[in-house]
Each structure stands twice: as C-alpha cells, then as structure tokens.
Amino acid sequence: MTHQYQERREVPGEASGPGAVAVGSNQGIISTGDAATIDNRTLHLPAEALRAPAEVPAPPGLNNLPAPRSAVFVGRGEDLARLGAAMDGGGAATVVHGLGGMGKSTLALHYAHRHRDRYNPVWWVPAETPDGITLALASLAAHLDPYASLTASASAEGAAWAIAWLQSHEGWLLVLDNAEAPDDLAPVIGPLTTGQHLITSRRATGWHHLARPLGLRTLDPDASTDLLMRIIGEPGGPGGPDDGAALEELAAELGHLPLALTQAAAYIQHTAITPASYLARLRRHPARMFAASATDNHERTVARVWRLTLQAIAARNPLAVDILRTFAWLGPDDVPRELAEALDDDPIAVDEALALLHAYSMITLTPRTFTVHRLVQAVARTPDPADPHRAEETIEEARRRAIGLLGAALPEDPLFNVAGRPRWRALLPHIEALADHVPPARDDEETEAIWLLTSAFLQSEVRLDRAVGFAERSMAASQRLYGPDAPRTLASRSVLASAYRAAGDLERAITLHERNRDDCERVFGAAHEETLMARANLAYAHGLAGDVHLATELHSRNLADCERLLGPDDKLTLVSRNNLASAYREAGELDRAISLHEQSTADYARVFGPGHPETLTARSNLAYTYQLAGDLTRAIPLHEAVLTARESILGPTHPHTDLARELLTNARADTAR
C-alpha cells in the first residue's frame, strides 16, 4: 500500500505536539517516531513507515539497470556461459576483470538482464569510489522503502539501511561496476552472504579474499568482424560484402578490442566512409581517431578510458608508465622481463611497477615475460597534446629507451654464437616490431646496428626475405649516416650482398661483392681481414653462379693469404678452406675436395666444437662429397649423424635440418639403385 503524508507548516522554535521536536533552523532530517522534520518542514508519517528492514518486501521486478541489453552482443557466448557457471558456484562473489574497453560492463549488463526473473532486486552500483557505492545503496534503500530515505540524516545511513535489508533477504543481485579497489568493496561484500555479487574491474589482482576471478579476453577475429558489420553493414553501404577484407584488417589493427571496434564502427556509420578509409585515417592520425566519438558519450573512447587509467597508475608509480611507453615500441607478446629490469637499478621497483600494470590489466604478467595489448601500445606511442602522459618529447624519450634496451640485449656474433640463438629467436619479434614502428628516415646509429646484426642472424636461420629487408635498411642508413667508404657502410654492403646471394639473386650479389672487394682494397689495403672476407664472398658467389674455375682460383689464392696473415685456425681461414673444398667438388675434382673437406671438418670440430652448426655444415659437405664419389658406406653414417645433431640443436623443422634429412634420403636411395 502507498502511504500519503501530510505537510504542515510550524512556527520556528515552537513544538507542535506530543513527540515533536522544536526546530529553529534545522537543515536535514529529524525522526520523531511518527513524524520527520526536513528543511523546516514536519512530515507526519504513518506508523507502518517505521518497519525494520527485515519486514520490508522488495517490489516485484525492482532494478535500476542503466541500459537495455546490447543489440550487438556478439562473440561472448562462451564468456557468458563461464560467468553463469561462476555465479552458480555459490559462495564468493565473481569479478570480471580485464583491460578498459574489453566489454566487462556489457557482459555484466547482459547477464543481469538475462536473469532479471531469477533475482530481485537487481541493483547496479557504480563502484569507482566509496561515495558512489554509498549513494547507490542509499538509492536502493529509497526504492525499497521511501520512508527509509526520509528518516536517514545522510546517504551513509540510507546505505546502512540497504545493507541491513540485503542481510535479511535472499535472491538479490548487486552488480558493482568498474570497481577501482577491492578494499572499497569489502564493507559491502563482507557482511552480505544471502544474495549474489557480480563485480567488474580493470584490476586483475587483489581479489582473492573477496571474489573468484574471471578474466575477459578480446574477441576472436570472426566475432570482431561480425561486430563491425552489425553496426555499419548495410547492403551496398560501408561494411557490405565488398568491404570484408578491409573489415578484417581493421579489426586486427584495433586488436579485436570491443570498445575500439564499436568506436570505429560508429564513426564509419556516422560519416559514411569506408572501413578502408577509416583504417587510413587511423594510421595517419592515430591520436585524433583514438579520441573521436560519433555518439554523445565522449567519455567512452579508447583515449579517454586509458587516459584515466594512466592517471591512476602514474599517481601511484611513475616508473610503471615509463615501462608502458617504452615497451609500446616492441612486440606485444612475450616481452622478456629482463628488458624491463634494465630500466632501473632497483629490481624490486621494477617488480612493483610491472605488478601495478598487471593489476590494472594494462599488461599480462608471467614469471619470465609480459604481454601488452597492441592497441594499448598504439595509444602509448602516439603523441597527444591533450594527454600529459603522451607529450611528444615523452614519447620520443620512450622510443630512445626501447632502442637502447633492445640493442644492448642482442647477443654478439649472430653467425657463430650458437648459445645466443635462442635469445635471438626470442627477441626477433620485438626487432621486427621496432622496425615497423620506426620510419627508415629516422634510423640512427643504434637502429642501423640492430638491422645489420638481425640480417646476419636471419641468414643463418635461412629466413631470407626478411634478411634482405633488414640488410637493405641497414645499407641505406649506413650510407646516409657514415658515407659510402666508411667501414660500417662496407660491412652493411657485404651483409646485403650475402643476403642477395642466399636468396638466389646472384646478379645483384656479384655486383655488390665486386664493389665491396674493390672498396675494401682501396680503404683497408690488400692484406686486411675485411678485404680477405670480401674476396671470399665474391669467390663463393662466382661458384654459385657456375663459374667454378674462377671460383677455385679465387678461393685458392684467398686461402693462402688467410693462412699467412691470420693463421691456420682463424675463423676466416676455416671458411676459406671449406669454400675451396666445395669449389673443387663442383669442379669435379673429388679427391682434392675430399682431402680438404676432411681437414676442414677436423679443424671446425677442434676450434668450434663437434656440435657447432658450422662444424655440422662441414661434416655435411664431407658426407655429400663422399656420396658423389660413390663412397656410400662413409656418406650415409655421416649424413645420419648430421641429421641427429641438427634435430637436437636446431630443431626438427629448421631448414638446415630439412636439408640434412633430404641428403640422407637421397644417399639411401643411391644405395638401393
């Protein structure tokens, strides 16, 4: 039943009757048992208005859900099922956590709408601050019993009344949205065990004493494209069938983040541009597009959501923001923690900074690596005058830090340092990401050195397309930075020529090798190690091009010079001897080839060790020469040993392992003939 109250004006300072309170200039609420005075007005309440919270039933279907369920709720069926299972598990509350813009609130809202007939009331609590929680609970009290708000002198008392009501009733659902700190929720969740709590938060950690965690991930590629098409897809319009490939590319560029996808789709629909046009604008003007909103809700943009997160992080730990900006320039996945540890002399300070970023879902942290969402990286490395954390000079400083950290972490001697190869493989995605993010025109001494070493490593891994690309970039940078005759430029040209040669472009390789030989002789002199290396490379290229007699002559002369000038065990001497043996083999002089290959194999094993990749290459060359000479009894066991070693050291799918397997198969086939 709805109770009516009567309003009666009173004379200030004069009691109005039994139980009344004389009020002079009262501002607030005074309860008298059957009346309340509010702002100098006395409200006479019926006696039943003073019921205890336990005696007040909830009106049917009471809820304050802030919006209808989303009409474009896609790709979250599995997450909704996981949430349902967690909520049905009983006991602790459930916290859906993830990066800002991941769709946590949308998932919670969808769950709440789906289960409105199961819970009563269903109450949405903005939980960013303790005051917000208090106000939302006081509002619940007012909706459960209007008189509770009249007899409370402050929202805190209304919230206390609501908590008392929740304690004494079952079957309700509180959705505590966007909770900032677990401790803010403890006073609410702790005493309430008769209903259900669903929490959403950017915070991934600190919930163990309050709630069971449920991490929310980005959408899968198909769901991302579906979301874009549902918002913008009209037959023949933007997002139609002809835009399928552009939508997929756009979804990938946005990292499959729901907020970013929704923001982009709304802009495309509002401005009637194509997805490809939006993508072009995003790449050319990222700061403006991250902040652009095609709706009235300018608070819900990627730039705005993450700016607030960065403000909260920076207030607690500035090093954490430095880490985020720095590693925005590398690859998003499996960033070695030791790179971050190099940023500060205090490892505990780095641990705390990484933990804070992980707590706010800005990174995903493991004992050895961390991962950053690619769109977080894109925002973090994009200058924005409106964002104090993304000033242009700050972004540039972070870029310089990233380059320095990566360069210092690279192992030396990528061709011969076997122990360093696993680290090279771990760092390669970050080198490639840095190359994509830094324009060639901004290459400097540090990036040029990284590109040069990377090309050499990729050649050793037989990843030749990328090897050529890095060598070309190193060459262009070194010529601009140092000039055409600088030792650094000659080294870059040599690596580039070798990359062309390995990729099968022998015409360009020989042209560059000849130029490099001539320049090395002019700059360093005929007896210098760089000149000897340049001659060796040229001779090898001539051999591959089929000019075996010229190759043999050049290799023979170079081996003699290397032995005389560098000694019999120098790395270049060993290479020259192995190359001369291969030239004899290609010329059909198998006896001389076998003799030199046997010596080369023994020397490599003695100098580098029996399991070194270069030793295995020498043994493979010897086995193949035995095979050509018809000595299969020695060829096959040697091929088998090389294959076993390469499978163990390089892995079963490495190109050199595949080659060893092919050579062994061919040798066995020769036996069967």
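Predicted model: local features only at pLDDT ≥ 70, side-chain atom pairs only at ≥ 80, totals over all residues.
**Exercise 1. Thr 552**

Work out which helix holds Thr 552, and whether Thr 552 is buried or exposed.

*Solution.* Start with the position: Thr 552 belongs to helix 24, which covers residues 548-565. Next, take its relative accessibility, which is 12%. Buried means under 20%, so Thr 552 counts as buried. Finally, look at its surroundings: leaving out residues up to four places away in sequence, Thr 552 touches Leu 580, Ala 583, Tyr 584 and Ala 587.

**Exercise 2. The nonpolar cores**

Find how many residues the largest nonpolar core has, and list what Leu 198 contacts beyond four places in sequence.

*Solution.* The largest nonpolar core has 100 residues. Those with the most contacts inside this core include Leu 198, Trp 306 and Phe 327. Now follow Leu 198: beyond its neighbours within four places in sequence, its contacts are Leu 83, Met 87, Thr 94, Val 96, Ala 108, Tyr 111, Leu 173, Leu 174, Val 175 and Leu 176. Another core, of 31 residues, lies apart from the largest one, and Val 56, Ala 93, Leu 144 and Ile 199 are among its members.

**Exercise 3. A helix pair**

Describe how helix 17 and helix 19 pack, and which residues make the contact.

*Solution.* First, the geometry: helix 17 (residues 392-409) and helix 19 (residues 445-460) have axes 10 Å apart, at an angle of about 40°. The two helices are therefore oblique to each other, and their crossing is left-handed. Then the contact: helix 17 provides Arg 400, Ile 403, Gly 404 and Gly 407, while helix 19 provides Glu 446, Thr 447 and Ile 450. Sorted by class, this contact has two nonpolar, three polar and two charged residues.

How values were computed: Residues numbered from 1 in each chain as written. Heavy atoms only, no water. Helix = DSSP H or I, 4+ residues; strand = E, 2+ residues; numbered from the N terminus. Buried < 20%, exposed > 50% of the residue type's maximum accessible area, 1.4 Å probe, protein only. Contact = heavy atoms within 4.5 Å. Core = buried A, V, L, I, M, F, W, Y, C linked by side-chain atoms within 4.5 Å. Axes fitted to C-alpha atoms, helices over the stretch in contact; angles between N-to-C directions. Parallel < 35°, antiparallel > 145°, perpendicular 65-115°, else oblique. Left-handed = near helix turned anticlockwise from the far one by under 90°. Nonpolar A, V, L, I, M, F, W, Y, C, P; charged D, E, K, R; others polar.
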